[in-house]
Amino acid sequence: RWAYVDGVFVPFASAAVPLEDRGLEFSESLYEVVAVINGKPFRLADHVERMLQGARELGLQEGVPPLARWQHVVADLWARERFDSAILYAQLTGGTAAREHLPGQRKKPLFFAYLRPFTFPAPSLIAQGIAAVTVPEMRWQRRDIKTTMLLPAVLAKQQARQKGAQEAIFVGQDGYVNEGASSNVCVVRSGVVASPPPGERLLEGVTLKAVSELCAELGLPFHRRWVSLSDLKGADEVFIASTTTLIMPVVRLDGQLVGGGKPGPITLRLAYHFQKLFTGEQTA
Ligand code: PLP
């Protein structure tokens, strides 16, 4: 296995980050997970743009490689490993400095990336759907930035697992749905697909963007609007969307069946077309 660290390719086992890396000590750090099918990254440009936006917020924009470099890194890693199906994990950190909240010297960001073999959900799994639970929002206020401060997401996923579910859906104190612990949430009501509005409350998913484009192509109305907890629970269909789950129907929510306990027709239609895009389009 190989990794790309600070501009060079190194064996995965000997790749390392210094103890005083600011990503490690302060979570001053952003990440991306990109699907790579037969060596082709899915919507790489969207991922790079999202990291760049986050990096501007953190003052780390100089550390984000340009798109062409990402393409080169994926191609080079893939040439070494040739996984049929993998994720590219990429992380940008504040780099190394003597441990202080505000470091004295100017720091140089650290960028690293590697491929990890990954099996995306097969159509047969998507046809079954998953269970989800709702949990109170417990993350910080800037969820539009894809930082590695993932402890609340890890704890929420543990809660989900304890209840026999695969995803946890964060609901704000105001009773409105934000997103899944590692996915965006969509509801379908009377043939209209809806997802909570973009903003600081949630991460704008690359997959969600593809969902909105697919809806436009298929003539399905797609709205960004507030979704209350009761709205979620009473929806005809619910699905989550993310790089690793693709479009995945939610058929059980807090122990209650959604839409009779089977994936709904609109979700399955979107999942089918997404699968085609995912396995066929594969360009940045
Ligand atoms: N929201 C959160 C909190 C996530 O962690 C993720 C992805 O892991 C998403 C949404 C979906 O984003 P994407 O479709 O770009 O994978």
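## Confidence

pLDDT is the predictor's confidence in each residue, on a scale from 0 to 100. The structure shown is a predicted model, and its protein chain averages a pLDDT of 96. A score of at least 70 is reached by 99% of the residues.

Among the elements of the chain, strand β8 (residues 167-171) has the highest mean pLDDT, 99. Helix α8 (residues 265-280) has the lowest, 95. For the model, ipTM is 0.99 and pTM is 0.97.

## Overall form

The protein chain contains eight helices and 15 strands. Its C-alpha trace spans about 55 × 40 × 35 Å along the principal axes.

How does the radius of gyration of the protein chain agree with that of a compact globule? A compact globule of 284 residues would have a radius of gyration near 19 Å, and the chain has 19 Å, so the two agree.

## Two domains

The domain assignment divides the chain into domain 1, residues 2-117, and domain 2, residues 123-280. Taken over C-alpha atoms, the centres of domain 1 and domain 2 are separated by 26 Å.

The contact between them involves 19 residues of domain 1 and 12 residues of domain 2. On the domain 1 side, the elements that give two or more residues are β3 (29-37), α2 (44-58) and β5 (85-93). Of these, β3 gives the most, with eight residues. By class, this side of domain 1 has eight nonpolar, six polar and five charged residues.

## The six-stranded sheet

An open sheet is formed by six strands in the order β2-β1-β6-β5-β3-β4, with antiparallel pairing. Which strands are at the edge? They are β2 (8-11) and β4 (40-41), each of which pairs on one side only. In a regular strand, side chains alternate between the two faces of the sheet.

Within this order, strand β1 (residues 2-5) pairs with strand β6 (residues 110-117) in the antiparallel sense, over three bridges. Tyr 4 has Ala 113 in β6 as its bridge partner.

## Around β3

Strand β3, which gives the most residues to the side of domain 1 that touches domain 2, also pairs within the sheet. With β5 it forms nine bridges in the antiparallel sense. One of the bridge partners in β5 is Leu 92, which pairs with Leu 30.

On the β4 side, two bridges join β3 to β4, and the two strands run antiparallel. Ile 37 stands opposite Lys 40 in β4. β3 and β4 form a hairpin with two residues between them. In that turn, Asn 38 has a positive phi of about 45°.

## Ligand shell

Which residues come nearest to the ligand? Of the 13 residues around the ligand, these are Leu 203, Gly 205, Val 206, Thr 207 and Thr 243.

The largest share comes from α6, which gives three residues. By class, the shell around the ligand has five nonpolar, seven polar and one charged residues.

Notes:
Residues are numbered from 1 along each chain as its sequence is written. This is a predicted model: local features need pLDDT of at least 70, side-chain atom pairs count only at pLDDT 80 or more; totals for chains, interfaces and linings use all residues. A residue is near a molecule or strand if its C-beta atom, placed from the backbone, lies within 6 Å of it. Helices (H or I, at least four residues) and strands (E, at least two) are DSSP runs, numbered from the N terminus. Ala, Val, Leu, Ile, Met, Phe, Trp, Tyr, Cys and Pro count as nonpolar, Asp, Glu, Lys and Arg as charged, and the others, Gly among them, as polar. Two strands pair if DSSP finds at least two bridges between them. Domain bounds come from an automatic or database domain assignment. Two residues are in contact if their C-beta atoms, placed from the backbone, lie within 7 Å. The radius of gyration is taken over C-alpha atoms; the globule rule is 2.2 Å times the number of residues to the power 0.38.
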